[in-house]
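This briefing concerns helix packing and salt bridges. Please consult the sequence and the structure shown below alongside the text.

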Amino acid sequence: MRRLGRLAAGLATTTVLVVTASGCVTVHGELEVVPGATRSEAAKALEDFTVAYNKADEAYDPALDADRVTGSLGAINQAGLAARQKTSPEGNAAHKPLELTDASYTIPKKAGWPRWFLADTDSNRDADAGKQDTRWLLAFVRTGPDAPWKVAYLAVVAPSVIPEFGKDADGWAQPVPSEETDSTLATAPADLSTTYTDYLQEGAPDVFAPGATTSGWRDARKNTRRAGFSYQFADQPLDSGTFAPLGLRTEDGGALVFFSSKHFERQTAAQGLRPTVTADVRALLTGEVKSTLTKERVSSQLVYVPKKDAGGTDAKARVLNRLPGLVAAQGS
């Protein structure tokens, strides 16, 4: 079913996802193309985020890092902390401070606001070598000269999949405009959220390389089975305001792009049965689960988009990482 009709629309209105306007506008007449941040500002933003994240994670208190997250990461982070605050009001007994080290910064030049940059870091959540070694990529956004830096996107990827970025003589990167259709790329970054959700629903447009988060996910949803239960899925674009895509040109003419999306899963039980409600779901639940449970998730994706004339198996966009999180649930 395409959108779950009024159910999806109604649930979307009950979800607390604070979306602020962050279109590309000018502030105080700032039309000059300049770097989004200095490298010292970027390092301070990473430090401030890490401190706030650790305080919030230790206390399970979303208020403690609310001013350091935004967009899809903010929605996922805040809902997750709110749920755990209800299930574990005493805080996180298993808290292990997050450490983000070995940071490098890719900072694009652009005019106006919002401005943003990418931090490529090593976390203490993985192994330091071999197949389990990963990098944390964090996209920091600032909506105005007096606004704090906030992390809008997070992706965890193997070091080998991170492309080289195109840079000017001074080392500054080139952003991909999120509000425009880019004819030099195989898939328009501005349309990625709609393209992805349409693909999940219909199998077209077929612009994504096969994988666990594309063809594999479609197959898994089609084959979801449980005796006495039926499942329906709906997907919606999430591409405006703080959820706008963020992209950087790569050295080979392609682009590395973050984008967001929203996904609904509805489970309906036969007479005499009832869907299972876990503690984390119950913490975000509205309504009473009698025969139906609908879960709403926000998801962020990191995608490599090749240039338009790339051929063969390299012609399709590759989803490098998907980070989903439950943000609401509704029973009926």
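A salt bridge is a side-chain nitrogen of Lys or Arg within 4 Å of a carboxyl oxygen of Asp or Glu. By that criterion, a search of the whole structure finds nine salt bridges. The model is predicted, so local features need pLDDT of at least 70 and side-chain atom pairs count only at pLDDT 80 or more, while totals for chains, interfaces and linings use all residues. Residues are numbered from 1 along each chain as its sequence is written, and side-chain values use heavy atoms, with hydrogens and water left out.

**Salt bridges**

- Lys 109 and Asp 168 form a salt bridge, with an N to O distance of 3.7 Å. The pair links distant parts of the chain, 59 residues apart: Lys 109 is in strand S3 (residues 109-110), and Asp 168 is in the loop between strand S6 (150-157) and strand S7 (175-176). Helices (H or I, at least four residues) and strands (E, at least two) are DSSP runs, numbered from the N terminus.
- Lys 109 counts as partly exposed because its relative accessibility is 26%; buried means under 20% relative accessible area, exposed over 50%, and partly exposed in between (1.4 Å probe, protein chains only). Asp 168 is also partly exposed, at 31%.
- In the salt bridge between Asp 206 and Lys 316, the closest N and O atoms are 3.2 Å apart. Asp 206 lies in the loop between H4 and H5, and Lys 316 in the loop between strand S12 (292-305) and strand S13 (318-331), 110 residues apart.
- Asp 206 is partly exposed, with a relative accessible area of 45%, and Lys 316 is partly exposed at 27%.
- Lys 262 pairs with Glu 296 in a salt bridge whose closest N and O atoms are 3.4 Å apart. Because Lys 262 lies in strand S10 (residues 255-269) and Glu 296 in strand S12, the pair ties together parts 34 residues apart in sequence. Both Lys 262 and Glu 296 are buried.
- A network of salt bridges links Lys 44, Asp 48 and Arg 68.

**Packing of H4 and H5**

- Helix H4 (residues 192-202) packs with helix H5 (residues 215-222) at an angle of about 40°, their axes being 9 Å apart. Axes are lines fitted to C-alpha atoms, for helices over the stretch in contact, and angles run from 0 to 180 degrees between N-to-C directions.
- The contact (heavy atoms within 4.5 Å) involves several residues, including Tyr 196 and Leu 200 of H4 and Trp 217 and Arg 221 of H5.
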